[in-house]
Amino acid sequence: MVLVAADVMGAPCWLSLATRDRPAAERFYGAVLGWTFRQGRFGRAFSVAEVDGVPVAGIGAVAAEFAVPVAWTPYFAVDDADEVVTRVRERGGTLAVGPVSYPPGGRAALAADPHGAAFGVWDGDVLAEWSVSLPRSPAWLELLTVDAFDAAIFYGEAMGWGQEATNGCCDVSYEDDQVVVRRHGEPVARLNSGPVEEGAPKPQLRPRWLVHFRVPNLERAVALALENGGGTVTGAEWGGGQQAALRDPDGGLFTLDQSSDAPALGARHSLSG
């Protein structure tokens with residue numbers, strides 16, 4: 001159930017949605033992505049989304065409580081939350097919450113990089129069934145930032161990317177005008193410069209981590225999102241082709257990717273028509 005290998009340190013290990021209305025979020029993502037939900041171990045405000053019993057993401061009604069934006073946030077595995085938070089601060093990042101202890105022995109912190117993109121760190125056991133790029137997990141994570149090279153230096157030093165001496169997880173390379181972070185050769189994150197700016201009036205134009213989910217029928221999935229109170233993100237630079245950028249009814253941004261590798265869903269939430 002858990003994985004504590006050294007080479008996971010620094011890799012994305014979980015995905016969480018901070019929202020104001022958890023039941024409404026469950027209804028929306030259940031309809032659009034076919035997820036089912038069970039109560040999480042962190043209390044009634046938290047639930048875990050699953051596909052065929054496999055954990056996919058967490059949803060917490062904590063946006064108002066912790067005064068954080070409604071948003072999807074990736075968490076990265078670390079071996080010492082206090083040490084990583086110190087490195088984040090030393091390199092121009094900010095701390096929003098934590099490190100906070102959670103049962104049965106993990107610690108988490110919510111931070112932001114120097115350009116304002118929010119991310120979390122988790123110090124504790126991680127799920128062996130969860131990894132970016134698996135069919136039932138996020139397809140990929142994308143950082144939209146002002147300068148991808150600066151961001152790669154910040155996260156690399158904070159998380160130990162590309163540093164063998166830290167027993168970190170990940171290699172970093174420059175491919176097709178973006179920084180690609182790989183674990184065991186598989187891409188787990190991409191860092192892109194633009195189209196964002198700090199302090200932009202629209203949330204989708206600010207630096208942020210964006211999560212991509214696979215769906216077998218993009219047109220049908222977008223229609224379901226609109227039918228259930230979601231909206232599309234407009235602009236030539238957002239979505240198009242085999243992708244669609246959306247917001248849930250509470251404002252959380254995410255992207256859907258057309259993919260034949262998307263998990264088959266049950267009849268209740270089928271996206272194939």
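Analyst: Two strands count as paired if DSSP finds at least two bridges between them. Strands (E, at least two residues) and helices (H or I, at least four) are DSSP runs numbered from the N terminus. The model is predicted, so local features need pLDDT of at least 70 and side-chain atom pairs 80 or more, while totals for chains, interfaces and linings use all residues. Residues are numbered from 1 along each chain as its sequence is written, and side-chain values use heavy atoms, without hydrogens and water.

User: In what order do the strands of the open sheet lie?

Analyst: Strands of a sheet pair through backbone hydrogen bonds, either parallel or antiparallel. Here eight strands form an open sheet with mixed pairing, in the order E3-E4-E5-E2-E6-E9-E8-E7. E3 and E7 (94–102) are the edge strands, each pairing on one side only. From one strand to the next, the twist averages 30°. Helix H2 (residues 81–90) packs on this sheet and touches E7, E8 (106–112) and E9 (118–123); contact means heavy atoms within 4.5 Å. The direction of H2 makes about 180° with that of E7.

User: Which way does E4 run against E5, and over how many bridges?

Analyst: E4 (residues 46–51) and E5 pair in the antiparallel sense, over six bridges. Alanine 49 stands opposite alanine 57 in E5, and valine 51 has valine 54 as its bridge partner.

User: How many bridges join E2 to E5?

Analyst: Three bridges join E2 (residues 12–18) to E5, and these strands run parallel. Serine 16 faces glycine 58 in E5, and leucine 17 faces isoleucine 59.

User: Are E4 and E5 mostly covered or uncovered?

Analyst: Buried means under 20% relative accessible area, exposed over 50%, and partly exposed in between (1.4 Å probe, protein chains only). Six of the seven residues of E5 (residues 54–60) are buried, as are five of the six in E4.

User: Where are the nonpolar side chains gathered, and how many residues does the largest core have?

Analyst: In soluble globular proteins, nonpolar side chains tend to be buried together. A nonpolar core is a set of buried Ala, Val, Leu, Ile, Met, Phe, Trp, Tyr and Cys residues joined through side-chain atoms within 4.5 Å. The largest one here has 73 residues; Tyr29, Trp35 and Trp72 are among those with the most contacts inside it. Helix H3 (residues 148–159) gives the most to this core, seven residues. A second, separate core has six residues, including Val196 and Val233.

User: How do H1 and H4 cross?

Analyst: Two packed helices are described by the angle between their axes and the distance between the axes. Axes are lines fitted to C-alpha atoms, for helices over the stretch in contact, with angles from 0 to 180 degrees between N-to-C directions. The axes of H1 (residues 22–33) and H4 (residues 218–227) come within 8 Å and cross at roughly 160°. Angles over 145 degrees count as roughly antiparallel, so H1 and H4 are roughly antiparallel to each other. Phe28, Ala31 and Val32 in H1 meet Ala221, Leu224 and Ala225 in H4.

User: Is valine 180 buried or exposed?

Analyst: Valine 180, in strand E13 (residues 178–183), counts as buried because its relative accessibility is 2%. Leaving out residues up to four places away in sequence, valine 180 touches Asp171, Val172 and Pro187, among others.

How values were computed: Angles under 35 degrees count as roughly parallel, over 145 as roughly antiparallel, 65 to 115 as roughly perpendicular and the rest as oblique.
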